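Subject: The two-chain structure, and what was found in it

Dear colleague,

I am handing over the structure you will be working with, and below it I have written out what was found. Please keep the picture open while you read.

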Amino acid sequence: MSRTPAAPVHSARHRATSDLLRPWGLYLAFITPALLLYGMFVLYPMGNAVHLSFHKGGATTEHYEYVGLENFRVLMKDSVFRLALKHNLQLVFAGGIATMILALSLALALTHCGRGRSFFRVVFLFPNVMAVVAVAILWSFVFNPSFGILNALLDLAGLSDYGRAWLNEPGTAMWSVIAIHLWYSVGFYVVLLYAGLLRLPQELLEAARIDGANPLQEFRHVTLPLLSEMMKIAVIYIVINALNVFGIIFLINEGAPNRYNDVLLTYLYEQAFTYNNYGYACAIGVSMLLLILVFAALAGWLFGRKSMELE
Amino acid sequence: MNRSRHHQLRHTFGRWRADCVLAWSRRILLTLLMLGPPLTGHAQSFSAKAEIEVAIFLGGFGIDMYEKWAREYEAAHPNVKINLHGHPRMYEKLLPRFAAGMAPDLAWPGAGINHWALAADGRLATWNKYLEQPGYQEGRTFGDAFVPDLLAKGAKDGKQYVMPHSAGAFGWWYNRKLFARHGWTPPRTWDELLVLCDKIKKAKIAPLTFTGRYPAYLIRGIYFPFVISAGGLEVVNRIQQLEPGAWEHPACLLAGERLMHLKKAGYFQRGCIGMNHTESQMEFLVEHAAMIPNGTWLHSEMARLLPKDFEMVYMNCPVFSDGKGDPTTMLIVIDGQWLLPSKGKNQDVAADFFRFMCAPERLKDYMEKKGTITALKVPGEINAAPHLKEVLRLFREARQTWTYDILDRYPELSVDLDEATRNLYNEVITPAEFVRRNEESSRKARNSSNTGKLSAK
């Protein structure tokens, strides 16, 4: 029985280890700059915001005072926070449902559209690529009480009594925002779901048709389940975008608080920059982070159960 | 050491000592001249080169006058260079700079910054030592040049953190030509107002419009003047000092009810609750609305758009004939609020430039060119613009003036009050609920550490 010399074994092991490490070293070299940037500009500010949420102080305060969970306790009793959260949830549910229905309808229409498909795809996506400032100004003109198109159309139709300050009256302010948000964001979901529809295996759809499924049954029992993975992504995006909405509302209100359509981020801004309560503003931010995580988990659970592998 | 040598040394030492004394005397004198109060109110010299940054809120009055004064100051002080810049949202630009300790040497950030939070955090220097410097009038200090009540608005616990400069009167405006065409006369009382509003409405013009997007315009222009007329200025003073029960005064409820009477009678322009200042002012200019509560900056702000057949005239808010308040009471708005950041590198130069801006001839020029008033007493005759003549006449006649301090002193209360006013106007709450809600907001503001609480007079 011959013994394998120790040195070659060691050398082979060493080679194996270095072979194993070599790609990792390479990976590390590639991802380190990105990780550093991510740490500096995402993780550190996020960690700092969590840290500040347990403190009291403003932008110009030298030494923040530790207050424990006090900011969160106040937050639970804050009626404006609850109102802003309600508006965000309105955007999530009412806005979200409307977005999904409209986006899915338009995506389905696109798949059945013969000529002009590319044109409509661009048209649907166009609002989404516009700067949020332009969108806010555009819609401020539509809803403007003195020279707005909407009031002018009502006047033309002899319905002057229905004309109003759409963005500054309690019955219409939030619904106007939802309409703007829907117009602005729906194009993205149309493109997303359209891409999902194009990926559907045609043989399954054909099989359903051969089995005698009508278009509604085909949609209900084949298309929708196959599309659920894409819909899960869409729902998560809708929730995140609805909770993170800021620019449009801030701009249509000209930076001033308006409780008829204030949302969590505009309230956060108000607390930080009008009242100089950075600690409290960070507590609002942390609560938003938790809310987004909960919604994302819910969406994952809801669609995860029904998702179907296409492969 | 021999005698002659000793004598020589004594002589040399004596001369050196004499030279030292002379040199030090010169230095002390120069230092006193540089740092101490100037001998006259007109010129202060700075031997060392200095460069100061002045950041200004760019509002309706522009910054052209400040630029002109900066160049004049540089001509009078060749060692000083002034970098002056303006922006409509200067307060947003300055907050991070205050936080980083990199604030400019002199700043007027505009109404969007909480001066009192900056003062509490030690970010502002006080102006007290500069107020003691000689003023432009013989035997008077610089501080004496200001209207005392307006100067006091910038002080807390005896420390002067904010200096007022330009100011305005806030009242109602109408177009004399429009009124003449229709044979209307400006109303002085509530009853006259109701009669006039009815006539204006019949002429298919909205009697009143206002900047509803910022409900403080409604509070300052109509609601508080009604409170003052009904219950006297003390009621508003108590409200602004956050006194418990101040909102429970019957005048507060009555003013709310009268405001809603105007609303329900259809005297306010449709949709004005959603208009910003330029929109509502434009509606006034194109004669869609006959009267508008606004400040003296209105003319300057809309000067380029003013129709030829338009004569803007100021009047006080109509009063209740049976009210307790003084009908001559006038609301003065401190427009320019100047800060001296504590980390500024050239505080003395910056303060001296501010003092330069307060020279009577410059203030007179400002009033004449910009058509507004200032927070300083300006001696001599003013060649006032036509729209300012009535303001100055009423200002001279006013037995009392007041300022709206809520916006500046209590940011949370200001937002709450705006919201309550918007809800009152939109009939979401009743006048009684409005008053109750404001009493509660006032209680919250009392307990907030984030205010520059006014002390009782």
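How many residue pairs are in polar contact between chain B and chain A? The count is 17 residue pairs, with both residues of each pair at pLDDT 80 or more. On the side of chain B that touches chain A, the elements that give two or more residues are helix 3 (90-99), helix 4 (115-120), helix 12 (277-285) and helix 18 (411-425) of chain B. Of these, helix 18 of chain B gives the most, with six residues.

To continue with the interface, 32 residues of chain B are in contact with 35 residues of chain A. The size of an interface is often given as the accessible area lost when the parts come together. Here chain B and chain A bury about 2700 Å² between them, and 46% of that area lies on carbon and sulfur atoms. The rule for salt bridges finds two across the interface of chain B and chain A. In a salt bridge between the chains, the side chain of Asp155(A) meets that of Arg270(B), with 3.1 Å from N to O.

Over all chains, the count of salt bridges comes to 34. One of them lies within chain B, where Lys202(B) pairs with Asp198(B) and the closest N and O atoms are 3.6 Å apart. These two residues are separated by about one helical turn, because they are four residues apart in helix 8 (residues 190-202) of chain B.

Along its principal axes, the C-alpha trace of chain A spans about 105 × 70 × 30 Å.

Finally, a word on confidence. Chain A has a mean pLDDT of 88, with 91% of its residues reaching 70 or more; within this chain, confidence is lowest in helix 1 (residues 6-52) of chain A, at a mean of 81, and highest in helix 2 (residues 70-77) of chain A, at 95. Chain B has a mean pLDDT of 88, and 88% of its residues reach 70 or more. Over residues 1-18 of chain B, however, the pLDDT is below 50, and this stretch has three contacts in the model beyond near neighbours in sequence. Residues 27-41 of chain B also stay under 50, and for them the model has 18 contacts beyond four places in sequence. Where pLDDT is low, the predicted coordinates should not be read in detail.

With best wishes

Terms used: Residues numbered from 1 in each chain as written. Chains lettered and ligands numbered in written order. Heavy atoms only, no water. Contact = heavy atoms within 4.5 Å. Buried area = accessible area lost by both parts, 1.4 Å probe. Salt bridge = Lys/Arg side-chain N within 4 Å of Asp/Glu carboxyl O. Polar contact = N/O pair within 3.5 Å; in protein donor to acceptor, adjacent residues only side chain to side chain. pLDDT = per-residue confidence, 0-100.
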